[in-house]
Amino acid sequence: MTTETIFIFIVSLVLLWVKPGPGQALKITRTLNGGFPAGFFIVLGIITGCLIFFLIAALGANALTNALSNASIFLKFIGGGYLIYLGYKGLKNIEKGKWQSSTNEPSKKKLLENYTVGLFVTIANPLPIFYFLSIMPTLVPLGNLSTGDIIKGAIVITCVGLTVDLILLTLVYQAKEALSDTKFIKKINSITSIGFICIGLFLIFSVFL
């Protein structure tokens, strides 16, 4: 990849990363309720999902692309159902100002859960699928990529994702530390919980569209 191609790739990734969606809502909510590590493991899951899409596109794996397309229906049901569950759990525990699971689950289990949620939500999200399998090939000459180029692309995705999201998580965590009561967190939980339910329903209904 040329310097110009890498630059265009970085700019497009930043725009993809800052676009509001289920991933952003998850990162913000989990950071407010579970702390910085919880949000960070969501980020790692999201980056892993994007790397999977990138490798499928870069390697020209048509069979994997078709399999992913067929599996997307199943993944949308899983992702949509889990988002609805998160929204329900958030609304149910709204008076506590935090997710119930953030106080009664072992730390390792929470971190693994956050990583898994970030991964599944990314894989089931139509936006990264559309970007990596439709938009990215118009920006990056996938047919001419060498092994070194693929490694560079993976590094770019990881660095962009970590940079953008670490800035976001730091700002969110600092905002949390600055709060003297839980009213703001409760309001965020209410909005994001309803948002999770709406996005989950959309993912499920999109199967039938």
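**Helix packing and aromatic pairs in a predicted model**

A search of the whole structure finds 5 aromatic pairs. The model is predicted: local features need pLDDT of at least 70, side-chain atom pairs count only at pLDDT 80 or more, and totals for chains, interfaces and linings use all residues. Residues are numbered from 1 along each chain as its sequence is written, and side-chain values use heavy atoms, leaving out hydrogens and water.

User: How is the pair of Tyr 131 and Phe 132 classed?

Analyst: Rings of Phe, Tyr and Trp (its six-membered ring) pair if their centres lie within 6.5 Å; planes under 30 degrees apart count as stacked, over 60 as edge-to-face and the rest as tilted. The ring centres of Tyr 131 and Phe 132 are 4.8 Å apart and their planes stand at 90°, so the pair is edge-to-face.

User: Is Phe 132 buried or exposed?

Analyst: Buried means under 20% relative accessible area, exposed over 50%, partly exposed in between (1.4 Å probe, protein chains only). The relative accessibility of Phe 132 is 0%, so this residue counts as buried.

User: Which orientation do α2 and α3 have to each other?

Analyst: Helices (H or I, at least four residues) are DSSP runs, numbered from the N terminus. Axes are lines fitted to C-alpha atoms over the stretch in contact, with angles from 0 to 180 degrees between N-to-C directions; under 35 degrees counts as roughly parallel, over 145 as roughly antiparallel, 65 to 115 as roughly perpendicular and the rest as oblique. Helix α2 (residues 22-34) packs on helix α3 (residues 36-58) at about 155°, with the axes 6 Å apart. The two helices are therefore roughly antiparallel.
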